[in-house]
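Hi everyone, thanks for having me. Today I'd like to walk you through one protein model, starting with its charged side chains and moving on to its aromatic rings.

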Amino acid sequence: MARPTTKNDLIQAGNDGYKKMIDLLDSIPNEEVDSNFTFDVENEKQAHWTRDKNLRDVLIHLYEWHQLLLNWVKANQAGEAKQFLKEGYNWKSYGAMNIEFWEKHQTTSYENARDMLAESHQQVMDLEEGFSNEELFSKNVFPWVGGSTLGSYFVSATSSHYEWAAKKIKKFKKSL
């Protein structure tokens, strides 16, 4: 599916991407869901290939980015000026923030990570439902969004991120 440009497309892409990812997870044998990744990442350039060691790490990454979006929108809607990324991070240093998320959840189980993600996915979908098409896809509607659109943040936290996760899950499944 092309990058969403309408509210309906945004909702469909988010839900479809989530379902595709969950279906992939459901296709992994139960005895393997806690296994560490063993596939080769030597030729992969992005840091996430070495950061994420298992399915839990991938799910927690998605969950934490949902939290960033939820907290950012809710704070700014309440009149509290807040940046999207965690305080102390910017778009050049967010890789370190991702490591912080990874470290925070090393004792989280796969089952809890999956439950947390299911809940946060629904919260994100409910939140985006409350915005109009114009609020999601027109620039300069909310001053706290900057030069982008609110919808682009939802795309990044849902459908785009779900595609990223599905690639990792497929690579893991293929390695089994």
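**Charges and rings**

Let's begin with Asp52, which makes a salt bridge to Lys168, with their closest N and O atoms 2.9 Å apart. By salt bridge I mean a side-chain nitrogen of Lys or Arg within 4 Å of a carboxyl oxygen of Asp or Glu. This pair links distant parts of the chain: Asp52 sits in the loop between α2 (48-51) and α3, and Lys168 in helix α8 (residues 159-175), 116 residues apart. The helices here are DSSP runs (H or I, at least four residues), numbered from the N terminus.

Before we go on, a word of background: this is a predicted model, where local features need pLDDT of at least 70 and side-chain atom pairs count only at pLDDT 80 or more, while totals for chains, interfaces and linings use all residues. Residues are numbered from 1 along each chain as its sequence is written, and side-chain values use heavy atoms, with hydrogens and water left out.

Are Asp52 and Lys168 buried or exposed? Both are buried, where buried means under 20% relative accessible area, exposed over 50%, and partly exposed in between (1.4 Å probe, protein chains only).

Next, Lys104 forms a salt bridge with Glu64, the closest N and O atoms being 3.1 Å apart. Lys104 is in helix α4 and Glu64 in helix α3, so this pair ties together parts that are 40 residues apart in sequence. Here Lys104 is exposed, at 55% relative accessible area, whereas Glu64 is buried, at 5%.

In total, the count comes to 8 salt bridges.

Now for the rings. How many aromatic pairs does a search of the whole structure find? It finds 16, counting rings of Phe, Tyr and Trp (its six-membered ring) with centres within 6.5 Å; planes under 30 degrees apart are stacked, over 60 edge-to-face and the rest tilted. Take Trp65 and Phe84: their ring centres are 5.8 Å apart and their planes at 45°, so the pair is tilted. Trp65 is buried, with a relative accessible area of 7%, and Phe84 is buried too, at 8%. Trp65 also pairs with Trp91, with centres 6.3 Å apart and planes at 35°, so this pair is tilted. Ring pairs link a cluster whose members include Trp65, Phe84, Trp91 and Tyr153.

Technical notes:
Helices (H or I, at least four residues) and strands (E, at least two) are DSSP runs, numbered from the N terminus.
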